[in-house]
Structure formats: structure tokens, C-alpha cells
Amino acid sequence: MLIEGDLGDTVIDEASVPMATHPEDFKVSRKTCFMESEGKITNHNSEKENYEKTEKLFSKNDSLFESENDEETDCCNKCKLNQRRNRPRNHSSDSAYSDISTSSEQSRNSKGTLYSPDKFRRFMPIWLSDILDEPEYTMDCKDKTGKDRIHRHADSLFSTASGFTNYRGLLNLCILLLVLANTRLFLENILKYGILIDPVKVIHVFLSQPYSWPNICLVFSAGIFTLVAYYMECLLAKGYVSERFGFLVHAINLSLLLIIPAAVILYLHPFPAFSSVTCGICTISFLKLVSYASVNKWCRQRKGGDTKKVRRSRSISESPKSSANGQVAAIITTYPDNLTHSDLWYFMLAPTLCYELNFPRSLRIRKRFLIKRCLEMLFLSQLMLGLIQQWIVPTVQNSMKPLQDMEVSRVLERILKLAVPNHLIWLIFFYWGFHSCLNVSAELLKFGDREFYKDWWNAESVTEFWQTWNVPVHRWCVRHLYKPLVKRGYSKQLASVLVFAMSAFFHEYLVSVPLKMFRVWAFFAMLGQVPLAQFVKKYIHGKYANMVVWLSLILGQPIAIFCYVHDYYMINFVPVAVANQTVTL
């Protein structure tokens, strides 16, 4: 009821106001209370003022009732949520259930309810409100039933929340499908062309070529340039010549190491395959001698300024306890004691491009390991030769006419057809070269560092691939090109571009010189790795970046092969065919 007094002191006895449970009930209660109190107010100035004051008091009552109702609703919701939270969950934090429940809790904390404000929730049916309030992690309820029960809470194996990761059977299935698909292609190739494999044909080609022997002479002539570098280092160590004169002699010697073989090959034009091997050996000798001269120069600089010696601990391939006295004595070589013929030729034959005064050495030669690697070398070399004769050569020969006519659809079909066998041969070549051959060399020389490659197949960027697939070359580039450029003030980006430019030059050297033509396809292909690496680094990540790396390997090499084969065919065979046709007419 209303208590008589001044307008500023007028209050409502809340016990006399009927509590409403619905918005319409508030209007009825407000009107009824006003009518009952109208005759009891005696000291008010006007009826209008009484009406306005009463409305304000009822508005205050409405706000109090709504706040109490909201607190009760929030309390009930929090109790329900706490009960659901106390249920045990077994899935990982990155599952779909935890993400959705987390977002639901955030929405509940920010708005008071899930998905909609309270003013709309009160008009919803109870069953719809319960559905919206139900989180998605209720599948994780702990099974408290007995072990004899058939059904229990469990996610499907392909669901992320299950935590299942063993897909070895599916991987075996993919391997079998790949083997069956390539077997079908191999049988189709045999039915179409017959058996073209001839292991003796390579020897016959080598002996029948009149200018194949110069390749052997060029390989042995690389030793002359090695001796020149050695004797020059001896003179520099004794101080008989200046550093500037020694640098000039090394520059001329190394330049001739690359120029003379190229000039002989271009003039005599021996078989391209043998010429490519010769150019590769000369390139390796060039890189080794650059490292040999650089390290000796650093040692002279340290000896003149700082007497600090460079030591490196030895790594062994078996336990030191197997030695005679149970200990392994590390023999440290210092400058200029390293300037010997044995040290130089050991480095020239070792499976590394970076020279050091002390290499890690193993204790003994593992005969069983060596026999396995030798058998791999023999078998894989014959396998690659057979695949080239049976698969690559016919495919390339049948691609001459589409390449000559520049039929885009047919050329694309030939590229895809060549991609599978070419990539298979490339993988075999990698294993043959970087695992079998280099391990044979390391085992015979007791060379301890066998990290010739890393897990490049998992590379998630183009840069990571080039850093891991050929570790000896990568170490040489970082040590003798990248770091010196950065120390001279070049930016890291420019230094990386210059490293790729040098690599592009040697790739072109190994292809264009034996083929006796210069089309710079390999050069621009290597330089194109720089923008590709930047694009992948910026826009593509994770497994999709790994797919890009594999795609560039699978399709990039066939495209380069067709480019060089097309140009080689157009230069060497088309003019001869046109001349013969002219003579016939």
C-alpha cells in the first residue's frame, strides 16, 4: 500500500504488490494497485503527479524483479554448465568438441546465454533452449558401466577426437596401387616396343665413339690443376710469394679447370652422356680446390694474428671400447703440417666439398656394410640404365613430332607421360648417388661424417628442400659464398640470389656444354626457384607447401628435358633431314 507523506518520501510496501510471473501481469498489477491507492492519497497536489510517481515506483519494482530473475537464471545455467564440465573428457585440445565448447562458454560469459539474449530466450520453447545449451563434448562422458556391456562412448576412428593416427595399412595400399599402375605401364611399353634393355650397349657406344677417350684424358688432367693448387699453397705457407700473387695463380688455375674441358668437348663433341660426367668431375674438383685454398688462407691469417688452433673432435662408427687399449687417441693436425700429398688426395677423394685440417674418422671398415652398398651400386645402375632404354628413350622419340609441330595438347600429354618414369629414375639416382656411392667412398676412406642428405622429402618450403637434399653442396655454398657475401655488407636476400645464380651457372654448364648448345633453360629454371620460394613462403604453408615442392620436382624436370631435347633435335637432325630431302628432289 501507499504510505502517506511527502512526494519525496513516498515508498511502496513491496509485500502489498502482487508478484507477477509474466510481463502482462505487471501491467495488470500496476493498474490495480494504482486504483486501490487512488482514494487513500490525501496530501498530494494533483492526481497527475500521483500517477507519475506511482509509475516510477513500479518501474523500480520491475527492474528489481528482472534482475532477481536474471540472477536466478544465470545461477541455474552455471550449475548445469558446471555439472557438464565435471564430466571427464579424453580428447585432445585441438578436437572439434573442445573448440565448440570453448566458443559456447565464451558466448555464455559475454551474453549471459547461448546464441541469444535473455529478452528473446524467454519466448523460446524449453526444448529449443535445451538444445542450444547442450555442448558438443557430451560424447566424452566416462563410461561407468561394466566391462560386459557391448556399447560404450567412443568416437569414429576418422574423427579427430579419437586420436587415431595409425594408417600404415592405407599407406601399404597406396604403395600397392602405385606398383600395380606402373607395372601396367611397363607391360604396355613392352607390348608396344618390345624389350629394349641392353646392358652391354653403353660399353659398345663408348668404344664405338671416336672421341670418347678424350673424356678419360680430361678426367685425369684434373689432377694437374690439383697439383698446381697444392704447390702454390706450399709456397704461400713458406712466404716465398705474396698473397696477391697466390690469389691470381689460384684464379687462373681454377678458371682453366672449367674452360679447358669445355673447349675440348665443344670442339670434339664426344658422346653427351660421357661429356656430362666429365664436366661433373671437373666441377667437383673446382669446388674442392676453392675450399682448399680458402681454408689454408684462413689458417695463415689466424697464424699471423691469433695462435688459436682449430680443433674438431672425431666421430666414430662403433664403440671406442673395441680398440686395442680401450681408448681412441685424437691426432690433431695443425697448419702448415696439413700441406702433404696424402692430406690433399684424401680430401680430393673424400665425399665432401668443404676442406678441414681434421676430418672425423671411423675406426675400421665395416665389410658387411661395404658389400651391401657395392651391390646396391651395381644393381641400381643397371636398373636406371634399363629404365632409360625401355621407358625414357621411346617416350622422347615419340615426342619429336608433337614438339616440332608445337601441338600443345599432345606436348602436355607427353610431359605427363614422361613425368612418372623420369621422377622414378631421379629417385633411384638420388639413392644410388647420395647413399650408395658416397657411403662406399666414405667407408673405404673411413670418413666419419655420413650426413649427405637430410629429410628433404618432408620439406615444407622450396628453400628447405635445397638446404636438405644435397648437404655437401649446401655446406659449401653457405661457407664459401653466402657468409662471405653477408660479411662484405650484402643483404641476405641478395646473397641468396647470388648463390642460386652460381648454382644456375653450373647446372647450365653441365647440360649445355655436353649438348653443344646454349639455351639457358637450366639457368632460368634455377633462378626461378627464388621467386617460387618467396611465393611458397608467403602464401602456402604446411602440407600444401610440401605438395608444391613435390609438384615442382615431378613436372619441372620433364619440361626441362623436353626443352633441351626439342632444341637438340631441331639443331642436329632437322637440317640433315631437310638436306637429304633436297638432294632426293
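Author: Of the 585 residues of the protein chain, 35% count as buried, meaning under 20% relative accessible area, with exposed over 50% and partly exposed in between (1.4 Å probe, protein chains only). This is a predicted model, in which local features need pLDDT of at least 70, side-chain atom pairs count only at pLDDT 80 or more, and totals for chains, interfaces and linings use all residues. Residues are numbered from 1 along each chain as its sequence is written, and side-chain values use heavy atoms, leaving out hydrogens and water.

Now to the rings. The structure holds 30 aromatic pairs; rings of Phe, Tyr and Trp (its six-membered ring) pair if their centres lie within 6.5 Å, and planes under 30 degrees apart count as stacked, over 60 as edge-to-face and the rest as tilted. Take Phe286 and Phe506, a tilted pair at 5.7 Å centre to centre with 50° between the planes. Phe286 belongs to helix H10 (residues 272-305) and Phe506 to helix H17 (residues 492-515), so this pair ties together parts 220 residues apart in sequence. Helices here are DSSP runs (H or I, at least four residues), numbered from the N terminus. Phe286 and Phe506 are both buried.

For a stacked example, look at Phe465 and Trp469: their ring centres are 6.0 Å apart and their planes at 5°, so the pair counts as stacked. Phe465 and Trp469 are buried too. Ring pairs also link them into a cluster whose members include Trp426, Tyr453, Phe500 and Trp550.

Terms used. Helix = DSSP H or I, 4+ residues; strand = E, 2+ residues; numbered from the N terminus.
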